[in-house]
Amino acid sequence: MNNFRQAATAGEFLITAEVAPPKGGNVAHMVEMASCLKGRVHAVNITDGSRAVMRMSPFAASLILLQHGIEPVCQFACRDRNRIGLQGDLLGAHALGIHNILALTGDPMKVGDYPNAKAVFDLEAVRLLKIINNLNHGLDGNDQPLPDGAVDLFAGAAVDPQSKSKSGLERRFEQKIAAGAQFFQSQLISDFDVLEKFMHQIASSYQKPVLAGIFLLKSAKNAEFINRCVPGVDIPQHIIDRLARSSTPLQEGIKIAAEQVQLASQICQGVHLMAIKREDLIPQILDLAGINPI
């Protein structure tokens, strides 16, 4: 199952969505939400301890999606495992048929539900990408041959086009490209003029797919909470006011997300949709944006 890689390589408009693994042993809700996305997205991201909150292993959750005919993008965060553990999990992911990997540094422990847990951070995203590239070429992280063969992983990375430091953004983006990143998923985008400048001034020359992060805002209160609690996000006041004025804020949020998908379709090669706990609404967003089933 490599629909995402094939679509990315072919230059198609890419659609991914994010689903969190369960916080417990029952996978029914995760499978139900991911199943709503069949035929509408190229792949479903499975998060790896997002916001440093303990949840089911992303490898187990990704395998469960595969068993239900849903292609995963398995996130790998450097926070919780050293380079031995990360490489072992990458080899295992390949063997299980999990080939799409999003390499992340990981959120700090202090923001999650175990603030006193010991963080590892033996690697960060760029060095993890280099190791994945090594593994794809039959070498381990020490540049030694893998006696049991290379892997075949399609590695991507995160990008924040709205970063305040343009030089830092450009440097980090180029480092990830050089380390082997084949696609990029962005943080939540609220300023599409900034996204367009990023694509024109930095990303376009590298010809790697960039998927704009689109978040389903459920209410003005939800938008204000995200502004307070999610670093680097600045949802404009006019969007918050629009949600506040609406008698049906969730439906207004769906309209806003659909408008943003349309904007992104004119700027970059895809969208990454985040509709926390309401992934079932993503097909409605895509319909409203005029995006046909895949």
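Two strands count as a pair if DSSP finds at least two bridges between them. With that in hand, here are some close-ups of this predicted model.

**View 1. Strand E1 and its partner E2.** E1 and E2 are joined by four bridges and run parallel. To find your way in, look for Thr16, whose bridge partner in E2 is Ala43. E1 itself spans residues 14-19, while E2 covers residues 43-46.

**View 2. E1 meets E8.** Strand E8 (residues 270-274) also runs parallel to E1, and here too four bridges do the joining. A handy landmark is Ile15, which has Val271 as its bridge partner in E8.

**View 3. Both faces of E1.** On one side of the strand sit Leu14, Thr16 and Glu18, and on the other Ile15, Ala17 and Val19; all of them are buried, so both faces are covered. Buried here means under 20% relative accessible area. With six of its six residues buried, E1 is largely enclosed by the rest of the structure.

**View 4. E2 beside E3.** Moving along from E2, we get to E3, and the two pair in the parallel sense over three bridges. Ile46 is the residue to look for, as it stands opposite Cys74 in E3.

**View 5. Inside and around E3.** Which residues of E3 point the one way, and which the other? Pro72, Cys74 and Phe76 go one way, Val73, Gln75 and Ala77 go the other, and all are buried. Strand E3 (residues 72-77) is largely enclosed by the rest of the structure, because six of its six residues are buried.

**View 6. A positive phi at Arg51.** Arg51 isn't a glycine, yet its phi is positive, at about 60 degrees. You'll find Arg51 in the loop between E2 and helix H3 (58-67). Is Arg51 buried or exposed? Its relative accessible area is 51%, so it goes down as exposed, given that the cut-off for exposed is over 50%.

**View 7. Another one at Asp143.** Asp143 has a phi near 65 degrees, again a positive value in a residue other than glycine. This one belongs to the loop between helix H5 (125-136) and strand E5 (154-159).

**View 8. A negative patch on the surface.** Asp191, Asp193, Glu196 and Asp234 together form a negative surface patch. Asp193 is part of helix H7, which takes in residues 192-203. At 56% relative accessibility, Asp193 counts as exposed.

Note on methods: Residues numbered from 1 in each chain as written. Predicted model: local features only at pLDDT ≥ 70, side-chain atom pairs only at ≥ 80, totals over all residues. Heavy atoms only, no water. Patch = residues over 30% accessible without salt bridge, like charges linked within 9 Å, V, L, I, M, F, W, Y side chains within 5 Å. Areas by Shrake-Rupley, 256 points an atom, 1.4 Å probe, with all protein chains shown as cover. Salt bridge = Lys/Arg side-chain N within 4 Å of Asp/Glu carboxyl O. Lys, Arg positive; Asp, Glu negative; His and termini not counted. Charge placed at Lys NZ, Arg CZ, Asp CG, Glu CD. Buried < 20%, exposed > 50% of the residue type's maximum accessible area, 1.4 Å probe, protein only.
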